[in-house]
Amino acid sequence: MISEGKRKPCLTVDTLARDITRVEAIREIKDVTKQFAQLAQFGKFYDISSLFSSNAILHWGPNNSATGPSAIEKWLREDAGEMDGIQMGSLNTWVIENPLISLDTRGMKAKGRWNGLRFAGDGKGGTRIEGGIWENEYVFDGGQWRIELLGYHPLYAGPYAGGWRNVGGGLPLVPYHFTPEGTGVPVPEPVGEAPVTMVRVEDWEARIGRMNDEDEVRNLQHAYGYYVDRRMWSDVVDLFVSNSTVKIDDLGTYTGSSGVRQAMEKRDGPEGLTQGFLNDRPIFDTIVEVLPGGQEAVTRGLEVGMLGNANVHVGSWEFSVFRNRFVKDNGVWKLKDLNITPLVAANYSTGWGLRSQAQTSKEAPSFLNITSRSLYRQEQNKSEKSRDLADLERRLNRSAAFDGAENESAAYGYYLDDLQCDEMGAIFAAKGHKASPFAGWFQTPKGIADACHAVWGNQSATRIRSSISFHWRPQPVILVSQDGRSATLRARLLQPSTSKTSAGSFNGAMYHDQVVLEDGKWKLWSITIDEFYWQSKDWAGGWAAAIPRNASAPNPTGNTKIKPNVTLHDVGDREAGFEGDSTDVVFVSKSCQWTDAGTLLAWLCPLPLQDGVESDI
């Protein structure tokens, strides 16, 4: 079962096989696009052309287009110029993130929306920053998924010096390929009978196991990044096997648990952050390849270091590639070999335009095989085989849940970017709730939409905007329930902004969310944000110019135009275990007795009385 539509067909090996290939399709589509970003970083435009179908079309803004792989390769190469990532000192880092993928009912075509952001420089002083929306189309062609239409909609651009601004003045809303009802169903109800499969059940089981392993490895890779952000070296060490290796080009090679800690401290400083320090190293475009046998895996992706010390007003950028190896240790995935290749490091004040800021390595770490997933076969011991089709379906649903949750996470960001309040509210569950910063929680799709309208009014989809604050939600860690019907989700808020009149900048925060399967569609159950972890004063000073907040200053008030269902004052300190007073912590088993627990612990407690009737989730 991938989605619970109007009917649930009888589960057979054939229907299971069809569903497996469709979940694999969603992942292959994501990997094709992420591979574009990884290849572009090293100017491998010929290899990028192989990601396109034979009659593919590239539309780059309103005035640039190319048809066919060769023409697309030529256009990309000419567009990059000397900012191609090939020449020493040049930089061509494309970050393509926040995928929202929609497969068609036949499982042969798909559409996808992405955020894109490019950091480029020629090493001679020339720089370029640009960002916008990708609305792509994909086709299963020649035995693999390829890009059929690359539709890039530029929204902001500019040089490093002076920063970026809107492209063309006012900004239109980039049309969505999806609706609120469709975002939670990345794999729709299929049409027609499932084709007869000649593949053994054991092989289908292995392919499900591969996707389950892939999810665990991706979560581990992303969790590692969050621990690094906070310099939690003891926790980082726990993610590694005892005989691990850390290799950071230009820094050295370190072995064992003590070596892991030594490498972290040498690169980023002692354990723990103090006031004024920023150590964010967001992870983007992660691709996971689980190797035959299911006991090893490799990840590859991009890391953009946003580092600084506001106490002395210094900041820096670091652009790196990681290629890491993981192993199963007594059934638990752990890091075995961590390999980081720094490409360019630069002071925030001067940027990455000059070659003197560059690292020495331009050798590309090996790329992963993104076409191997559907060809994967794994021989298992008889004791590990399962002929229980219902259990195989449950395990498949857990991986489908990962993609459903990521779709809803991206949809939330896209609708919020465009202030489409009704659409944003509609992707929440019937009893879902959303935190409004510094105010509290609003409940139900209508209540959430009304709170948005109270602040932003009714924003037409055809209006032209003078500015946008984007809500990127990359680096998800998604923990899916065993039945595949709910998930918790941690995601980064990376917030680039753009304006018609002034340079954009970056802010950062963290989301802690929940997602549920409701009436066959994935819906947001809870959106809660901790913001801001850090803010840029402006583009010129960035995060290095941040001014520490006065501890005696009053807290922000948030949305005062409409009262939330539950205020922050009602909740108190959530991280302290729902304290009754300073000496009494309410245990989870008793927390349903807390007045407002039903709203925030609805998976455990009945909702508060409504018209005298107790309501369960």
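# Legends to the close-up views

**View 1. Strand β15 is joined by 4 bridges to strand β16 (residues 440–443), and the two strands run antiparallel.** The model shown in this and the other views is a predicted one. Within this pairing, A435 has W441 of β16 as its bridge partner. The hairpin made by β15 and β16 has 3 residues between the strands, and F438 takes a positive phi near 70° in this hairpin. Strand β15, which spans residues 428–436, is also joined to strand β21 (residues 521–527), in this case by 3 bridges and with the strands running parallel. On that side K434 has I527 of β21 as its bridge partner. Of the 9 residues of β15, 7 are buried, so the strand is largely enclosed by the rest of the structure.

**View 2. Strand β5 (residues 127–141) is joined to strand β4 by 13 antiparallel bridges and to strand β6 by 11 antiparallel bridges.** Strand β4 covers residues 109–121, and its residue A110 has Y138 of β5 as bridge partner. The hairpin formed by β4 and β5 leaves 5 residues between the strands, and G123 in the turn has a positive phi of about 80°. Turning to strand β6, which covers residues 144–158, the bridge partner of G131 there is Y156. The hairpin of β5 and β6 has 2 residues between its strands, and G142 takes a positive phi near 65° in it. Strand β5 itself is mostly covered, with 11 of its 15 residues buried.

**View 3. Helix α1 (residues 13–40) packs with helix α8 (residues 389–417) at an angle of about 25°, the two axes lying 11 Å apart.** Because an angle under 35 degrees counts as roughly parallel, this value makes α1 roughly parallel to α8. The crossing in which α1 passes α8 is left-handed. From α1 the contact takes V13, L16, D19, I20, V23, I26, R27 and K30, and these meet L389, L392, E393, L396, S399, A400, F402, D403 and E406 of α8. When the residues of this contact between α1 and α8 are divided by class, 10 are nonpolar, 1 is polar and 6 are charged.

**View 4. Helix α5 (residues 201–229) and helix α8 cross at roughly 35°, and their axes come within 9 Å.** The crossing of α5 and α8 is left-handed. On the α5 side, V201, E205, I208, G209, M211, N212, D215, R218 and N219 make the contact, while α8 contributes L392, R395, L396, R398, S399 and F402. By class, the residues in the contact of α5 with α8 comprise 6 nonpolar, 4 polar and 5 charged ones. Several α8 residues, among them L392, L396, S399 and F402, take part in the contact with α5 and are also listed in the contact with α1.

**View 5. Q420 is placed in the loop between α8 and α9 (421–426).** The relative accessible area of Q420 is 6%, and the residue counts as buried because this value lies under 20%. Apart from residues up to four places away in sequence, Q420 touches L173, Y176, Y415, Q459, S460, A461 and R463.

**View 6. M306 lies in strand β12, which is formed by residues 296–309.** With a relative accessibility of 2%, M306 counts as buried. When its neighbours within four places in sequence are left aside, M306 is in contact with L278, N279, D280, P282, S316, W317, L494, F506, W534 and W543. For one of these residues, P282, the C-alpha atom is separated from that of M306 by 8.0 Å, although the two are 24 residues apart along the chain.

**Overview. The protein as a whole has a secondary structure of 12 helices and 27 strands.** It consists of 617 residues, of which 58% count as buried. Considering the contacts in the protein between residues at least 6 apart in sequence, 68% of them join residues that are at least 24 apart.

Key. Residues are numbered from 1 along each chain as its sequence is written. This is a predicted model: local features need pLDDT of at least 70, side-chain atom pairs count only at pLDDT 80 or more; totals for chains, interfaces and linings use all residues. Side-chain values use heavy atoms; hydrogens and water are left out. Axes are lines fitted to C-alpha atoms, for helices over the stretch in contact, and angles run from 0 to 180 degrees between N-to-C directions. Angles under 35 degrees count as roughly parallel, over 145 as roughly antiparallel, 65 to 115 as roughly perpendicular and the rest as oblique. A crossing is left-handed if the near helix is turned anticlockwise from the far one by less than a right angle, and right-handed if clockwise. Contact means heavy atoms within 4.5 Å. Ala, Val, Leu, Ile, Met, Phe, Trp, Tyr, Cys and Pro count as nonpolar, Asp, Glu, Lys and Arg as charged, and the others, Gly among them, as polar. Buried means under 20% relative accessible area, exposed over 50%, partly exposed in between (1.4 Å probe, protein chains only). Two strands pair if DSSP finds at least two bridges between them.
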